[in-house]
Amino acid sequence: MTNSEQQFIATINKEIEQGYKTLENIGKCVTVFGSSAIPDDSIYCEQAELTGKMLAEAGFAVITGGGPSIMEAVNRGAKNAGGHSIGLTMQFPDKCIENKNIDTMLRFSNMSVRKHMFFKYSSAFVALPGGFGTLDEAFECLALMQTGKISRRPFIFQDKNFWLPAITWIRQVLKNDYKVIGDYDLDLFSLTDEPQLTIETIINNSSN
């Protein structure tokens, strides 16, 4: 094994240990996925902040990717409502933009370890509008629940205007046309426009 391979393994082990120690006693929490690129004054960030606020008021800590835009809005809503605001951010070689509304921040160099921390400690998941990163996190989460690698928990796609075309494709193409998923897989998630309905779904279906 080369020195670089040994260093890679050591870094992963360190980040896993750090994540476990920091988050193991976090209590019930919800991970919210969302964009780092949508303008802060958009309706999408307004809805994200309201979602974070309502999650905190319902007694949940809130985890995001720790970046700006929708992630920052969620963290701000939770923090301003007196909730525990958590950010799990990535270290990129060309940038590291973090938001200022976080009580507990963890920084990762390995994306797989970071996502493991999202999935391991959350009572539920909410996907707000976002790009490739949001899609990656959301669909990996659904795949892990589908295959039983993590326990089944509430997963809500919030914002019908953004997510409905993708959900329609999943139902029509994946299920009906190609039959690569079944009815059970469609039950892994729900779709809503209202933060209040998101919170109710989480409260009514969370085991933690």
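A residue is called buried when its relative accessible area is under 20%, exposed when it is over 50%, and partly exposed in between (1.4 Å probe, protein chains only). The model described here is predicted; local features need pLDDT of at least 70 and side-chain atom pairs pLDDT 80 or more, while totals for chains, interfaces and linings use all residues. Residues are numbered from 1 along each chain as its sequence is written, and side-chain values use heavy atoms, without hydrogens and water.

Helices (H or I, at least four residues) and strands (E, at least two) are DSSP runs numbered from the N terminus, and two strands pair if DSSP finds at least two bridges between them. Seven strands form an open sheet with parallel pairing, in the order S4-S3-S2-S1-S5-S6-S7.

Strand S3 (residues 85–90) has six of its six residues buried. On one side these are Ser 85, Gly 87 and Thr 89, and on the other Ile 86, Leu 88 and Met 90, so that both faces are covered. Strands S5 (residues 124–127) and S6 (residues 155–158) also run parallel and are joined by three bridges; the partner of Val 126 in S6 is Ile 156.

A nonpolar core is a set of buried Ala, Val, Leu, Ile, Met, Phe, Trp, Tyr and Cys residues joined through side-chain atoms within 4.5 Å. The largest has 34 residues, and Leu 88, Phe 119, Phe 155, Phe 157 and Phe 189 are those with the most contacts inside it. Apart from it lies another core, of 20 residues, including Ile 38 and Phe 60.

Contact denotes heavy atoms within 4.5 Å. Asn 110, in the loop between strand S4 (104–108) and helix H4 (111–121), is buried, with a relative accessible area of 13%. Not counting residues up to four places away in sequence, Asn 110 touches Phe 8, Ile 12, Glu 15 and Met 90.

Where helices H2 (residues 43–57) and H8 (residues 195–205) meet, the residues in contact include Leu 50 and Met 54 of H2 and Ile 199 and Ile 202 of H8.
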